[in-house]
Amino acid sequence: MMAGSAPAGPAGAVSSTGLRPPRETWLRRRRSRLLPVATVLALLVIWEVLGRTIGWNPLFFSYPSQIWRGLVDLAGSTLWTDLRVSATEFALGMLLSVAIAVPIGLLMGTSRNLYYALDPIVSALYSTPVLVLAPLLVIWFGLGISSKVAIVVILSTFPVMINLTEGVRTTDRTLLRAARSFGARRRHVYRDVVFPSVVPFFVTGLRLAVGRAMIGVVVGEYIASTAGMGYQINSDAQVFATARYLAGVAVIVMFSVVVIELLKLLERKLAPWRVGTHDTE
Amino acid sequence: MSQAIQPQPLGAPAGRAQPLVTVSEVTFWYGSKLILDNVSCRIEEGEFVSLIGASGCGKSTLLQLLDGVLEPAHGEIRVGGAPATVRDATRAMVYQNFALLPWRTVLRNVRLGLDYRRRDLSGRERDDLARHYLDRVGLAGTESLYPHQLSGGMQQRVGLARAFAVQPSLLLMDEPFGALDAQNAEILREEVRALVAEERRTVVFVTHNLDEALQLSDRVLLMGSSPGRICADIDLAGPKSDPDAWRHRHYGEHRARLWDFLKAEVTRAQRRVPERERR
């Protein structure tokens with residue numbers, strides 16, 4: 001009986017004839033980290049070189065070093081205010097979306113009747129480009145933060161809701177049966193089986209929602225606002241300050257990357273048992 | 001703790017008053033499909049009973065009815081004197097695909113039934129009890145691993161520890177070795193046999209494997225399919241004085257009898273027009 005031994009064999013074991021396992025090179029072992037960095041750096045270099053040699057009109061085209069200068073310029077003026085406004089809209093919108101989506105999503109997953117009643121509406125609203133409602137929302141909620149929060153909510157609620165519903169509905173029936181068989185009451189079944197198995201679906205929903213929320217914030221500000229990253233981008237684009245405009249885009253890209261990384265961290269916190277079950281990402 | 005881990009056979013009646021399990025005229029439908037048709041049987045305390053039949057004959061359904069998670073549409077099932085759906089008499093199930101909670105560590109998986117059923121024990125006592133059975137199936141030291149870090153054989157050991165930990169008056173096993181490779185299945189079979197004997201558990205065991213049934217059981221119930229019903233009740237337990245030798249002597253004869261029946265059943269099932277919409 002293999003009491004307590006780890007499932008994998010001992011690492012770096014020497015064979016009976018004194019052989020060692022083939023060594024992985026330093027580069028090979030770190031390729032999942034190095035390759036993405038290398039691609040980004042290479043693209044930046046190519047972009048920079050092309051930008052400098054071809055010498056296109058700076059009104060229509062820019063390249064990394066100029067964009068960096070634009071960024072420094074922005075940081076000295078309105079960047080922090082704009083970033084704060086956009087981040088607030090994003091955060092409030094996401095919070096509200098989650099607050100609405102979680103109870104409804106869970107209920108729709110639990111109750112067949114509710115699912116049949118609401119699924120057509122939810123699916124329709126999820127696949128409709130609800131951004132077309134943005135002008136109306138601006139009329140209702142004004143130029144300030146609240147109209148953007150509203151846009152984020154109508155965009156981001158549905159992916160979270162749909163994924164939660166799906167998660168509850170696809171909970172492994174054997175596990176539900178096992179828990180009940182071992183004496184779990186209804187609330188135990190939810191606490192110990194349904195909720196944990198829904199976590200990955202929840203995180204997937206959040207990931208989709210984040211992307212849509214970013215679009216909501218920026219496009220909302222683009223349409224009508226007095227501050228925010230979308231406002232800044234729009235105004236710089238209109239006066240052909242292309243480097244500053246692209247610097248704003250770069251800030252949005254970085255913001256999204258940070259949020260996505262935070263989400264991965266959250267998933268590892270919420271679902272530690274999944275560590276090692278999926279090695280990609 | 002020492003008295004907590006003593007096996008407690010549920011209310012052994014003085015003088016063979018009643019069997020532990022009585023199934024009387026049970027009929028069950030899934031939707032409009034008749035799964036079990038007028039099934040009756042009784043199981044004495046301490047018996048090891050195997051259910052054998054072609055796939056889709058309702059063996060697993062019968063097991064879930066005994067577990068009380070399903071309710072018969074007609075007829076009655078009593079376990080330890082009470083209806084099966086009243087869940088006083090503890091039962092525990094061992095599943096073919098283990099059914100461990102992926103988000104619980106090994107120890108907390110073994111504790112599952114204790115956490116729901118043995119609120120009279122403190123957290124420490126439940127831990128100790130779970131550890132005792134984890135140790136008993138040879139998995140000491142794996143307490144804090146997650147199921148996906150274990151091999152199939154080890155996962156099923158966790159499943160066994162979880163079932164034995166609640167010290168059930170009725171232990172239900174649904175093809176517990178069906179998902180394991182032949183060697184692991186053989187090893188686990190021996191261990192289950194030892195555990196059941198040591199703790200004097202009453203077992204209902206579903207299997208496709210004739211030799212498994214012949215090795216382990218005191219009695220085999222042969223089930224026919226479409227609709228599921230009990231066709232034969234074969235006693236494999238010999239005289240109390242020398243059970244093993246008796247079992248040995250009659251092995252071939254019993255096997256032939258079981259196989260004749262099963263072969264006919266399976267062939268019959270294959271010839272039937274496929275109206276495949278089981279579950």
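Visitor: What is the strand order of the open sheet of four strands in chain B?

Guide: The order is β2-β1-β4-β5 in chain B, with antiparallel pairing. This is a predicted model: local features need pLDDT of at least 70, side-chain atom pairs count only at pLDDT 80 or more, and totals for chains, interfaces and linings use all residues. Residues are numbered from 1 along each chain as its sequence is written, while chains are lettered from A and ligands numbered from 1 in the order in which they are written.

Visitor: What makes β1(B) and β2(B) a pair?

Guide: Two strands pair if DSSP finds at least two bridges between them. Strands themselves are DSSP runs of E, at least two residues, and helices are runs of H or I, at least four, numbered from the N terminus. Strand β1 (residues 21-30) and strand β2 (residues 33-43) of chain B have seven bridges, in the antiparallel sense. Therefore they count as paired. One of the bridges sets B:Val21 against B:Ile43.

Visitor: What lies between β1(B) and β2(B)?

Guide: Two residues separate these hairpin strands. In the turn, B:Gly31 has a positive phi of about 60 degrees.

Visitor: How do you know that β1(B) also pairs with β4(B)?

Guide: Five bridges join β1(B) to strand β4 (residues 74-79) of chain B, and the two run antiparallel. In β4(B), B:Arg78 stands opposite B:Thr22, and B:Glu76 stands opposite B:Ser24.

Visitor: Why are β2 and β5 of chain B at the edges?

Guide: Each has a single partner strand, so one side of β2 and one side of β5 (82-83) lack a neighbour in the sheet.

Visitor: Why is A:Pro64 called partly exposed?

Guide: Count the other C-beta atoms within 10 Å, with C-beta atoms placed from the backbone: 20 or more is buried, 12 or fewer is exposed, and anything in between is partly exposed. A:Pro64 has 18, so the label is partly exposed. A:Pro64 belongs to helix α3 (residues 64-75) of chain A.

Visitor: What is A:Pro64 in contact with, beyond its neighbours within four places in sequence?

Guide: Contact needs C-beta atoms, placed from the backbone, within 7 Å. A:Leu44, A:Trp47 and A:Glu48 are in contact with A:Pro64. As for A:Ala224, it is 160 residues from A:Pro64 in sequence and 29 Å away in space, C-alpha to C-alpha.

Visitor: How many residues of chain A are in contact with chain B?

Guide: 19 residues of chain A are in contact with 26 residues of chain B. On the chain A side, α8 (173-181) and α9 (186-223) each supply at least two residues. α8(A) gives the most, six.

Visitor: Which domains are assigned in chain B?

Guide: Domain 1 (21-89 + 169-271) and domain 2 (103-167). These bounds come from an automatic or database domain assignment. The C-alpha centres of domain 1 and domain 2 of chain B lie 25 Å apart. Ten residues of domain 1 are in contact with eight of domain 2 in chain B. Helix α6 (residues 182-199) of chain B supplies the largest share of the domain 1 side, six residues. That side divides into seven nonpolar, one polar and two charged.

Visitor: What makes a set of residues a nonpolar core?

Guide: Its members are buried Ala, Val, Leu, Ile, Met, Phe, Trp, Tyr and Cys residues joined through C-beta atoms within 7 Å. The largest has 76 residues; B:Leu66, B:Tyr133 and B:Leu172 are among those with the most contacts inside it. Helix α5 (residues 152-165) of chain B gives the most to this core, seven residues. Domain 1 and domain 2 of chain B each contribute at least three.

Visitor: How confident is the predictor in chain A?

Guide: pLDDT is the predictor's confidence in each residue, from 0 to 100. Chain A averages 88, and 93% of the residues score at least 70. Over residues 1-8 of chain A, the pLDDT is below 50.

Notes: Two residues are in contact if their C-beta atoms, placed from the backbone, lie within 7 Å. Ala, Val, Leu, Ile, Met, Phe, Trp, Tyr, Cys and Pro count as nonpolar, Asp, Glu, Lys and Arg as charged, and the others, Gly among them, as polar.
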